[in-house]
Amino acid sequence: MVLVAVLAVSTSSVHARTPTERPVGIVDQPCSPAAGVEPKASDPWLDRLLDPGEGREIETPDTSAANNPHPVEEERLHYDWAQLCRYRAENASLRRATGPRVVFMGDSITEFWKPAHPEFFGDNYVNRGISGQTTAQMLVRFRQDVISLKPAVVHILGGTNDIGGNGGPTTLDAIKNNIVTMVDLATANDIRVVLASIPPAGSFPWRPSILEPAQHIVELNEWMRRFAREKNLFYVDYHEPLADERDAMKQTFSNDGVHPNRDGYSVMEPLARHAIEQALASAEGATRTPPSKPSKNKR
């Protein structure tokens, strides 16, 4: 459950595989039955992460182990880098929504929201967060995990893992480009966008070598606010109510300084609902407004 993603794959392990170990190329079913496992609130580590009573007592990952991923993780990174298998079966079996559907697209901050407050997600609110993902990985699965579900609104929350180095070195412009492309895909498919700020973080437990990430988070959030205004998107600010005077996460809202605990999600939820309601009202208004008739040229 630790938010770690390393893209380097050992060449020796790749060469050691035989073609019979798993299907390759174009196949009818590329995903294993175990691909769609979701986090449970009963998981001891996750339960401690979400429990406001724990305080800052969550153990940090072994950074030496982070550079040597578990063989299962290494296999997944090699064969399913974007984790398209994670929600493939769930998408296929998704029930018809009782109203306008909203998809939450993101990383672990989105994924852990569901076990923290399962009642927040019902038939109409669909969680498509994956722990450890960068905006590049989110972009690759955007069509499958968002557009194909035909939502009225998408809530996009990503960027923490890009800044945290999960996909290797990057730039703020590269993160922005990924977000812009997700927005372009959504608007091209008549999906209203709620663009969410990155929650505050003063350091990353899994990547202590990254210094002062708070400044990059603030800079990226300010760009998102301006971008949302220019493109008539709906921006939701989680950073301000969760941040302390150093632009790190307030201790009462997180047990590791990055992920919200249940109290942190309780702060986020009314803000999310308000932005989503605005986006849904905008979509309904556009549906009710008849298209203007072209003016006739008088001769």
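1. Helix α11 first: L172, I175, K176, N178, I179, M182, V183 and A186 are its buried residues (buried means under 20% relative accessible area, with a 1.4 Å probe and protein chains only). Seen down the helix axis, they fall within an arc of 160 degrees, so they line one face (the arc is taken over directions from the axis to the C-beta atoms). Helices here are DSSP runs of H or I with at least four residues, and strands are E runs of at least two.

2. A word on provenance: this is a predicted model, where local features need pLDDT of at least 70 and side-chain atom pairs count only at pLDDT 80 or more, while totals for chains, interfaces and linings use all residues. Numbering runs from 1 along each chain, and side-chain values use heavy atoms, without hydrogens or water.

3. What covers that buried face? Among the elements over the buried residues of α11 are α8 (135–140), α9 (142–145), β3, α10 (160–163), β4 and α12. Just after the helix, D190 has a positive phi of about 60 degrees.

4. I156, setting aside neighbours within four places in sequence, touches M182 and V183, and also M105, M138, F142, V193, V194, L195 and A196 (contact is heavy atoms within 4.5 Å).

5. Is H155 buried or exposed? H155 counts as buried, at 0% relative accessibility. Its side chain makes a polar contact with that of Y238 at 2.8 Å (N or O atoms within 3.5 Å, one able to donate a hydrogen and the other to accept it within protein; sequence-adjacent residues count only if both atoms are side-chain atoms).

How values were computed
Buried < 20%, exposed > 50% of the residue type's maximum accessible area, 1.4 Å probe, protein only.
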